[in-house]
Amino acid sequence: MTLSSPARTEQATGPAATPSGVRRPGGRRRPRRAATVRGRRRRVAYLYLLPALLLYVVFEVVPWVRTVELSFYEWDGVTPGTWAGLANYREVLSDPRLTGSLLHALGFVGFYTVLPIAAGLVLSAVVGRHRRTGSSGLARTILFLPQVVPLVAVGVTWRWMYAEDGTINQLLRAVGLGGVTRAWLGDFTWAYVAVGFVGSWVMLGLCLVVFLSGIQKIDPALYEAARIDGAGAVREFTAVTLPGLRPEIGVAVTVTVIAALASFDVVYVTTGGGPGDATMVPGVLIYRLAFTAGQVGTACALAVVLSLIIALVVLAIGRLTKEPS
Amino acid sequence: MASSTPRPPARRAGVLGLTALTLVGLTACGTPGGTAPAGGESPSGAISTELPTEDTTLTLLHTDTSGTIEALAEGFEKEHENITVDLQYTAGDSYNTSLDLTLGSDSAPDLAMLNMLGNTAKAGLLRPLDPYAEAYGWEDTVPTSQLDQWRAEDTGTLGSGTLWAAPAGFSLVGVYYNTELAASLGIEQPTTLDEFEAALQKAKDAGAVPLQQPNQGGQSSYVFQALTNNFQDPALSTEWAFGAPGSTIVSDAGTQAATTLAAWAAAGYIPESSNGTDGSGAVAEFVKGDSLFMLDGNWDATTVDEAMPGTAGFFTLPGTTPDAPSVGVGTSLALAIPAGAEHPDVAAAFLDYLTTPEAAAIEFANGYMPVAHADQVEAPEDSILADYLVAWDKVAQSNGLTPYFNNSTTTMNDTLTSQGQQLVVGRVTPQQYVEALQADWDKAHQ
């Protein structure tokens with residue numbers, strides 16, 4: 001998909017740029033006599049970049065530019081299209097169905113980002129402690145599971161669990177809460193929350209993977225020192241683990257926010273956007289507009305707006321979680 | 001982290017941008033779709049009903065999971081030993097999305113299954129079948145209301161004009177009912193809508209589920225359409241489904257049907273969980289035995305037969321009077337000959353085979369209503385299909401098959417789903433419901 005390309009841009013160019021000498025601290029100009037040498041070195045550097053750049057341009061930049069281009073046309077995907085100017089963008093920003101889907105995606109940030117990161121921090125602190133005192137490989141494997149299962153399988157499974165006779169309702173009945181059972185995904189109030197929790201569950205696995213690996217990099221001496229100073233588990237968490245995980249939290253926030261805003265699989269499989277439009281997200285709408293409705297232009301305009309929103313949000317997150325130098 | 005990478009110097013960005021632009025320029029720029037083949041021109045020319053004598057391979061692109069197409073291909077191969085049918089299967093969703101591209105490519109198949117006409121015919125991707133229909137005399141063997149579903153005018157209006165595809169077996173939506181439960185409640189097969197509603201109430205009083213109805217995929221639209229058909233001349237329903245200019249669903253019949261559907265939901269005839277129940281979930285509930293009716297299509301006939309042999313019956317939703325014509329909702333598996341087909345004459349011979357009594361038996365055995373010669377097929381014992389045959393025959397005789405409202409525009413299925421889910425819980429009024437449907441329709445047809 002072209003949606004995630006803004007986030008990938010810098011990943012792809014960043015590391016490759018390092019050996020060429022472009023990335024240097026300070027950034028002050030070198031004396032003029034070194035310029036020709038530098039120029040040659042730069043050309044060689046571009047040569048090294050070429051294979052990756054070529055793939056990147058063909059599979060990321062071209063589709064993205066094409067998406068932007070198509071967003072200015074009215075096109076059904078088959079017959080010749082006609083120039084539409086900004087009409088598609090006007091529709092994206094005025095059609096309540098389309099704006100509603102953008103709001104739903106923003107709301108998913110709570111489920112995809114806030115909940116799993118909070119839960120992931122607590123869980124990884126607990127699992128991390130156990131790893132140091134005694135190992136718990138099984139617990140970790142189980143907690144990683146959501147990240148291992150394909151999203152479509154996740155969606156199908158949760159759809160069964162949320163059904164009228166599904167696991168969730170069986171559990172509720174078993175504890176005497178038979179009165180609140182319902183077909184969760186068909187309920188206008190609860191479907192959105194139900195789908196959101198599926199996202200939380202999936203993202204929890206990712207957050208755990210990232211946080212646990214982060215905890216391993218924290219110097220054990222810090223924990224030791226904290227303990228000698230009489231810190232309990234909570235103090236240890238806030239004073240050592242949390243600050244030590246700052247970069248990982250940044251990564252987790254970035255990835256989960258993108259997943260929330262660009263969500264497709266889980267919604268498409270569980271509710272398809274229903275009941276009504278209660279769980280409709282841009283991802284599903286883009287797919288529907290482009291492939292069922294034959295409104296490729298509108299779909300592309302929505303995709304462009306969505307990727308702009310994502311790019312802005314990711315940029316903001318990057319600023320906020322940047323390490324103080 | 002993305003932001004910890006320094007911003008690339010301007011010059012590098014310039015090179016990047018230049019490369020990108022060059023490549024974009026080389027690959028694809030300008031008006032989209034400009035390279036579509038022929039652009040509305042469909043091939044025509046001499047046709048023949050003579051088949052080649054040398055070995056020929058007929059490629060057939062399909063998305064049928066019922067086994068019908070496969071069995072029909074085998075039957076055809078048996079009759080013509082020098083012809084091999086090469087079946088190419090693609091699963092549901094991706095089939096529809098990729099079909100137009102495949103048909104427009106250099107490797108177009110000889111036959112392709114269509115789920116709806118959509119833009120495929122308008123884009124000049126198909127070969128008109130009228131010369132073949134005339135040569136083989138399909139109009140005499142196949143009821144017109146069934147063949148007309150695959151006709152389209154140049155303006156895009158469906159239901160008349162050029163024939164673009166031929167049916168390979170029909171679906172039919174109607175009322176499944178539990179004959180045992182009905183008998184124990186003293187309910188006989190209703191012959192009018194009033195009797196049907198009385199039966200719903202009786203089942204509810206007895207604590208049974210009156211009408212098991214999935215709606216996660218918007219299946220309440222079947223109820224709405226079946227009711228609409230009964231409140232007006234079914235020909236009007238057909239016109240609306242086909243997008244005939246000037247037709248509307250914001251009519252007395254449409255509003256009355258939506259009102260009835262909403263009232264059934266409000267009265268508790270339809271389970272509260274219907275919005276969260278999918279098709280297979282509703283069938284699973286129905287075969288448990290405490291549901292009286294279920295509005296469903298023949299695609300679930302085999303499942304119901306296996307779970308409750310001999311205790312399931314079928315009828316089309318009765319009209320307002322006992323002598324009202326029999327009306328059904330349904331459409332066909334359909335096959336079209338792509339414009340770029342290599343062996344169009346052989347493909348047409350295959351389509352003609354679909355109208356034979358042998359093919360009728362194959363279509364029916366796989367759960368579809370036969371294209372022709374329905375009187376020559378027999379239902380298996382203890383099967384709901386026996387009732388299906390009776391109902392299908394009545395519908396065919398009154399020429400009362402109406403195509404799905406869901407296919408009236410490319411987006412109508414989504415609109416019916418979203419609106420139907422809101423209607424059954426009272427979030428939109430019946431008036432708003434039909435107006436939303438008409439708004440979708442107007443957008444596509446005006």
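Helices, of at least four residues, and strands, of at least two, are DSSP runs numbered from the N terminus. The exercises below concern a predicted model.

**Exercise 1.** Determine which elements of chain B each supply at least two residues of the lining of the largest cavity, and classify that lining.

*Solution.* 
Step 1. The cavities of 30 Å³ or more number 4, and the largest has a volume of about 70 Å³.
Step 2. Its lining consists of Val173(B), Gly174(B), Ala226(B), Asn229(B), Asn230(B), Leu295(B), Thr316(B), Leu317(B), Val327(B), Gly328(B) and Val329(B).
Step 3. The largest share, 3 residues, belongs to α9(B).
Step 4. By class, the lining holds 6 nonpolar and 5 polar residues, and no charged ones.

**Exercise 2.** Describe how α9(B) packs against helix α11 (residues 252–266) of chain B.

*Solution.* 
Step 1. The axes of α9(B) and α11(B) lie 8 Å apart, at an angle of about 135°.
Step 2. Angles over 145 degrees count as roughly antiparallel and those of 65 to 115 as roughly perpendicular; α9(B) and α11(B) are therefore oblique to each other.
Step 3. The crossing of α9(B) with α11(B) is right-handed.
Step 4. On the α9(B) side the contact is made by Ser220(B), Val223(B), Phe224(B), Leu227(B), Thr228(B) and Phe231(B). The residues of α11(B) in the contact include Ala253(B), Gln256(B), Leu261(B) and Trp264(B).
Step 5. Classification of this contact gives 9 nonpolar, 5 polar and no charged residues.

Definitions and conventions. Residues numbered from 1 in each chain as written. Chains lettered and ligands numbered in written order. Predicted model: local features only at pLDDT ≥ 70, side-chain atom pairs only at ≥ 80, totals over all residues. Heavy atoms only, no water. 1 Å grid on protein atoms, 1.4 Å probe; cavity = no way out; pocket = protein on both sides within 12 Å on 5 of 7 lines; lining within 4 Å. Points joined across faces, edges and corners; volume = space filled by probe spheres on them. Nonpolar A, V, L, I, M, F, W, Y, C, P; charged D, E, K, R; others polar. Axes fitted to C-alpha atoms, helices over the stretch in contact; angles between N-to-C directions. Parallel < 35°, antiparallel > 145°, perpendicular 65-115°, else oblique. Left-handed = near helix turned anticlockwise from the far one by under 90°. Contact = heavy atoms within 4.5 Å.
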